[in-house]
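My entries follow the structure shown here.

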Amino acid sequence: MAVKGLGKPDQVYDGSKIRVGIIHARWNRVIIDALVKGAIERMASLGVEENNIIIETVPGSYELPWGTKRFVDRQAKLGKPLDVVIPIGVLIKGSTMHFEYISDSTTHALMNLQEKVDMPVIFGLLTCMTEEQALARAGIDEAHSMHNHGEDWGAAAVEMAVKFGK
Ligand SMILES: O=Nc1c(NC[C@H](O)[C@H](O)[C@H](O)CO)[nH]c(=O)[nH]c1=O
């Protein structure tokens, strides 16, 4: 019996009235693009309109917290406020401690950001020990051993925005 992983939602949420921001890093771009595609496809399947998915990018995962805050503020100023935002980044362990410091600090910053922006900030940061782990979690490893985690993030975004929206 499969134990690990996301359980089925308690209901299917209608995303037709929400506006979602995706802000993604540009490091490890092949994996990023697969994750973003998965999130968009899942949200579209839940009724989110294409013109209600706004995409922005930052150089790397470390820039996600500040970039997300400014992205949310900018959309509000434009009169097109977001209901939920999905920061997406892919961190792959190298030969130094860089990975640990960015993973830990960025994770805490994104968690704490929710209070500041008063909206759900979905955790779209892959922190992988190897490139193979990252490819698998984006659903693009050769064996297709895992589903695309971007799909889970898209589903979480719709549920959180619909269920707990302002
Ligand atoms: O080092 N590895 C990575 C990385 N480093 C850059 C960092 O996020 C930031 O952009 C720069 O330090 C400049 O502030 N950023 C990632 O998204 N993934 C990595 O795997």
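**Ligand contacts and a salt bridge**

I began with I92, where a backbone N or O atom lies 3.3 Å from an oxygen atom of the ligand; I keep in mind that this is a predicted model. I then looked up how much of the ligand is covered, and noted that the ligand taken alone exposes 450 Å², of which the protein buries 76%.

A polar side-chain atom of N28 is 3.5 Å from an oxygen atom of the ligand, and a polar backbone atom of G60 lies 3.5 Å from an oxygen atom of the ligand.

Next I asked where the ligand sits, and found that the space it takes is the second largest pocket. The elements giving two or more residues to the shell around the ligand are β3 (84–92) and α3 (98–117), and β3 gives the most, with three residues.

I wrote down the residues around the ligand, among them W27, Y62, E63, H98 and I102. When I sorted the shell by kind, its residues divided into six nonpolar, four polar and one charged.

My last entry concerns charged pairs. Side chains of opposite charge can pair when their charged atoms come close. I counted eight salt bridges, taking a distance within 4 Å as the rule. One of them joins K163 to D10, with the closest N and O atoms 3.4 Å apart. Because K163 lies in helix α5 (residues 149–164) and D10 in the segment before β1 (20–25), this pair ties together parts that are 153 residues apart in sequence.

Key
Residues numbered from 1 in each chain as written. Predicted model: local features only at pLDDT ≥ 70, side-chain atom pairs only at ≥ 80, totals over all residues. Heavy atoms only, no water. Near = heavy atom within 4 Å. Polar contact = N/O pair within 3.5 Å; in protein donor to acceptor, adjacent residues only side chain to side chain. Areas by Shrake-Rupley, 256 points an atom, 1.4 Å probe, with all protein chains shown as cover. 1 Å grid on protein atoms, 1.4 Å probe; cavity = no way out; pocket = protein on both sides within 12 Å on 5 of 7 lines; lining within 4 Å. Sits in = over half its atoms within 2 Å of the grid points. Helix = DSSP H or I, 4+ residues; strand = E, 2+ residues; numbered from the N terminus. Nonpolar A, V, L, I, M, F, W, Y, C, P; charged D, E, K, R; others polar. Salt bridge = Lys/Arg side-chain N within 4 Å of Asp/Glu carboxyl O.
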